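Please read the numbered points alongside the sequence and the coordinates.

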Amino acid sequence: MYSFSAGNSMLCRNFLQPRIIQASYKTHKEGIACNTKVPRNVNMEKLQSAYLFPEISMREVQHIEKYPDAKLISLGIGDTTEPIPDIIASSMANYARSLSTAEGYSGYGAEQGNKALRKAIAETFYRDFQVKETEVFVSDGSQCDITRLQLLLGSNVSIAVQDPSFPAYVDSSVIIGQAGDFEDKTGMYGNIQYMKCRPKNNFFPDLATASRSDIIFFCSPNNPTGHAATRQELEQLVRFAKENGSIIIFDSAYAAYISDDSPRSIFEIPGAREVAIEVSSFSKFAGFTGIRLGWTVVPEELSFSNGFPVINDFNRIVCTCFNGASNIAQAGGLACLSPEGFASVHSIIKCYKENAKILLDTFSSLGLKVYGGENAPYLWVHFPGSKSWDIFTEILEKTHIITVPGSGFGPEGEEFMRISAFGHRESIIEAARRLGNLYP
């Protein structure tokens, strides 16, 4: 059974201190350039410590330096591990080779994406939901699109996020100027509504008590909890947005992992086209974490308070800030959506879901309550009464396994750990063995 030792808590707290390079002012006479007269962005000054995932990567490097002979296993940052199917890799290689010929060379493409790929995305994922290819904007990944959407929305809107949720929603809100100051007591930024998503409310916020916000960031299946919202829950969300005149930014990056009848898109819900934008990605669907390819759907019906179509402004943002996704990556995206490519990527998804089942069974056998892992590649494991960064440190020190502390996803993530099922099968089995020895 699980029992916790808090021996490394001081180490953890020290690591969390902001790593700021203190530069002293030097004059030109000393031969060193002096400070400029440009003030630092005040919103950047509001950000707390380092971004979660680079912080974890840094600790991983430090652990390797400390234990150079240890075989480290990562169940942390959600990076895919299985090779890309040959049909997809070959399509990108062939496209790249064709660039060496006069007939095959191409330069800039459309900022909105390859027309054939936009059509394939609309037909593959939104065939029954009236999404047009012209409403699909191909990008270099959903996280980049989240920032472009923030640029579209500007600093004068109010924001709501699930708590816990993917850190980029909050951090981008701070950077763009939507957030107030960070409050140490609550672990929250002012002017952002944190909608509590706990086991007791099935990881879905109590909308009856929620305040109105202009923008609602909502991820399903959720990162980090792994919970996929039910149709009834998403109907409530769309109804809430319509009643309040809000816009939902729906992140469906993990939709391919859904095993039950939970909706894979917000546009499965009647009325969503009037209140929602959807961002998604080839990263976890097809192993494109390093290739970078995603998309955003902006319905023509969606408008601002003055009636101006949101899609028009988003198109302007894309054309101003982006020269289009890589043509090579888009060739791979088309191959993913071919019948053979689609079957191939789903066989890899099946492998990751089997990994999740192994890890779920492992943690459950240790007497821990485990959520997620069925509709997502993440498990959300509860360590009652513990600080999640302390658990992170203990697991790393004693098993050489990287995890992710739940508190990095928001105040409601305290006492939880996010466990990733991305990994080679032999590593997953070895991780399960080590964890079993840690908490026998």
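Predicted model: local features only at pLDDT ≥ 70, side-chain atom pairs only at ≥ 80, totals over all residues.

1. The side chains of Arg198 and Glu412 meet in a salt bridge, with an N to O distance of 2.8 Å. The count of salt bridges between domain 1 and domain 2 is one.

2. As to the domains themselves, the chain is divided into domain 1, made of residues 52-82 together with 341-436, and domain 2, which covers residues 86-338. Their C-alpha centres lie 25 Å apart. Domain 1 brings 31 residues to the contact, and domain 2 brings 40 residues.

3. The area buried between domain 1 and domain 2 is about 2,700 Å². Carbon and sulfur atoms account for 63% of this buried area.

4. Which elements supply the side of domain 1 that touches domain 2? At least two residues each come from the helices α3 (52-66) and α12 (339-365) and from the strands β11 (369-372), β12 (378-382) and β15 (416-420). Helix α12 gives the largest share, eight residues. By residue class, this side of domain 1 holds 16 nonpolar, 10 polar and five charged residues.

5. The buried residues are Ala329, Gln330, Ala331, Gly332, Gly333, Ala335 and Cys336. The elements that cover them include the helices α4 (86-98), α5 (115-125), α9 (283-286) and α12, as well as the strand β2 (136-139).

6. The start of α11 shows a further detail: a side-chain oxygen of Ser326 reaches to within 3.1 Å of the backbone nitrogen of Ile328.

7. A last point concerns Glu397, which is found in helix α13, residues 388-399. Which residue does the side chain of Glu397 join in a polar contact of 2.6 Å? The partner is the side chain of Tyr67. Glu397 and Tyr67 are 330 residues apart along the chain, while their C-alpha atoms are separated by 9.4 Å.

Key: Residues numbered from 1 in each chain as written. Heavy atoms only, no water. Domains from an automatic or database assignment. Contact = heavy atoms within 4.5 Å. Buried area = accessible area lost by both parts, 1.4 Å probe. Salt bridge = Lys/Arg side-chain N within 4 Å of Asp/Glu carboxyl O. Helix = DSSP H or I, 4+ residues; strand = E, 2+ residues; numbered from the N terminus. Nonpolar A, V, L, I, M, F, W, Y, C, P; charged D, E, K, R; others polar. Buried < 20%, exposed > 50% of the residue type's maximum accessible area, 1.4 Å probe, protein only. Polar contact = N/O pair within 3.5 Å; in protein donor to acceptor, adjacent residues only side chain to side chain.
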